[in-house]
Amino acid sequence: MTSARPTCLLILDGRLPPAGDAQTEMLDLQAFVALAYQGHWMRRLLAYREVRLLTYSARHLPRRFLLMLLLWCLARRRCVIESQDGQTLSVHWPALLAQAWHSLLDAWGRPGLLRRARQQVTLLAQPRPRATLAAVPARQAPWYLKTDLWLGTPAGGSITHVAGVVNHLADFGGSPILWAPTANPLVDRAVTFRPLALPDRYWDFRECPPLALNEWMVRHWQTPQEQPSWIYQRYSLHQYAGVWAARHFKVPLVLEYNGSEVWIGQHWGNGLRYPALAQEIEMLNLRQADLVVVVSAPLRAELEAIGVAPERILVNPNGVDPQVYSPQVDGMPLRRRLALENACVIGFIGTFGKWHGAQVLVEAFARVLEAWPSTGGGKPLHLLMIGDGQTQAQCRDLAVRFGIEASVHFPGTVPQKEGPQWLAACDLLVAPHVPNPDGSAFFGSPTKVFEYMAMQKPIVASRLGQIGEVLSHGVSARLVEPGSVASLAEGLLSVLADPEGAQEMARRARLEVLAHYTWQAHVGRILTALERLCA
């Protein structure tokens, strides 16, 4: 750290960054937690005059007591947690003692919570009568359940996916009801939103809040004001309430399965506290669902290997709204705002997850920049890294290490609705995904790939899993070796060197997405499969 250390630390948890200044250091909460796990926070003890955490809700922070204590240790004077609803929690000794008392009470109640969850899962594992759509009154609406506790996230593939599905359910009859902890900014106003009441307890204990949320949903739905015609659940860790509701209301259950939460916790997270229970609940969902929707062939193979009947599995890649992501979007005003109107701009957008390969892109860009003076025709070359998350700090460090920080821009998270404008400001778009760390098949279906295609921009992407199936090398994109800096740099240079060929690939990518990968087509395939199984 230099002597010019900022005097304020601003930590963002699912919040868009406000206008900053030289005296304020801003960090994404995930990046801040990563620093804490690595022990780097010790260097920052009492280093800031003021520490502020901007979050969705101060009452619903994971590991709340430890986080409050850590923030308090960094601040010399003022330490506050600010909620999106305008409430402010000052972090001081009385607040820490009060939270410690609540943590002790939750520790006392935690064994009972786990015992009740195991009992409920055992009951739900019993075979249930086959549900049919014909037995349901046509006036009843389908339910969409989104039960993960990533609160107030302003951008990302999950927001797009939820909105893409729920917005188009009405196209096939029956305006849906969305049950979720928070509203989705992309969901149509015609969709009825029902907020899930977040539990106030157990936030100091990993994986316990979703178990408590299950209990609230079961209690709430025992005497409902409305009943579903069928249920679509986006599966998340420790959630069994969708299975309970399908059994209780005697309706079909469609499960969206984007990968094993147990695997994700072990390989992309910090491990699970209750892996056996998580595995049991995950298997309960897969066995009880009438239809399981997966985004890729590797996920189908995984499910078939554990005994899920092939006829109950639908492989359904992600999609895009081609009216929102369109070549008609004008990116020039944003380019002017960024002073990039005369530059050649390479773009990446994402949540900087470990699987995104953002670090590979920064290193590859450094190599491209070395070759650019002799091939770029005098235009400056810039890299736009849109978003924030776990690996963004590493990407910033790499840019400094390679001496290219003046040519790499990190605007941070942008609202999902502004995503098309940011992509339109780029000349070339990159999806540099890397293989899974354990050598297993890449099972993702990145929404950014379909958004890139719909924007009709030249694409350079990893030849990895479904990405290499959706994009054709030399036809709709330039595909490169996953995780290879040299291959990515070569791919970028080849596309930049052939603008006419790049534009033709972009045109074909747009046509491909219109033919196969719209959200309307995605939902239509789900309804067709459901009717086949539950007629």
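**Exercise 1. Locate Leu45 and decide whether Leu45 is buried, partly exposed or exposed.**

Step 1. Leu45 sits in the loop that runs between helix 1 (29-37) and strand 3 (48-55). The model is predicted.

Step 2. The relative accessible area of Leu45 is 38%. Buried requires under 20% and exposed over 50%, so Leu45 is partly exposed.

**Exercise 2. Find how many disulfides the structure has, and explain the state of Cys395 and Cys426.**

Step 1. Searching the whole structure gives zero disulfides.

Step 2. For Cys395, the nearest cysteine sulfur belongs to Cys426 and is 15 Å away. The cut-off is 2.5 Å between sulfur atoms, so Cys395 is in no disulfide.

Step 3. For Cys426, the closest cysteine sulfur is that of Cys344, at 9.9 Å. This is too far for a bond.

Step 4. Next comes accessibility. Cys395 has a relative accessible area of 0% and is therefore buried. Cys426 is likewise buried, with a value of 0%.

**Exercise 3. Determine how many residues of helix 14 are buried, and what follows for the helix.**

Step 1. Helix 14 covers residues 447-455. Its buried residues include Thr447, Lys448, Val449, Phe450 and Glu451. Tyr452, Met453, Ala454 and Met455 are also buried.

Step 2. The count is nine of nine, so helix 14 is largely enclosed by the rest of the structure.

Step 3. After the helix comes Gln456, with a positive phi near 60 degrees.

**Exercise 4. Give the strand order of the open seven-stranded sheet, and identify the strands at its edges.**

Step 1. The order in this open sheet is 8-7-6-9-10-11-12, and the pairing is parallel.

Step 2. The edges are strand 8 (192-195) and strand 12 (313-315). Each has a single partner strand, so one side of each lacks a neighbour in the sheet.

Step 3. From one strand to the next, the twist averages 20 degrees.

**Exercise 5. State how strand 10 and strand 11 pair, and name the bridge partner of Glu256.**

Step 1. Strand 10 spans residues 253-256 and strand 11 spans residues 291-294.

Step 2. The two strands pair in the parallel sense, over three bridges.

Step 3. The partner of Glu256 is Val293, in strand 11.

Notes:
Residues are numbered from 1 along each chain as its sequence is written. This is a predicted model: local features need pLDDT of at least 70, side-chain atom pairs count only at pLDDT 80 or more; totals for chains, interfaces and linings use all residues. Side-chain values use heavy atoms; hydrogens and water are left out. Buried means under 20% relative accessible area, exposed over 50%, partly exposed in between (1.4 Å probe, protein chains only). Helices (H or I, at least four residues) and strands (E, at least two) are DSSP runs, numbered from the N terminus. Two strands pair if DSSP finds at least two bridges between them. Axes are lines fitted to C-alpha atoms, for helices over the stretch in contact, and angles run from 0 to 180 degrees between N-to-C directions.
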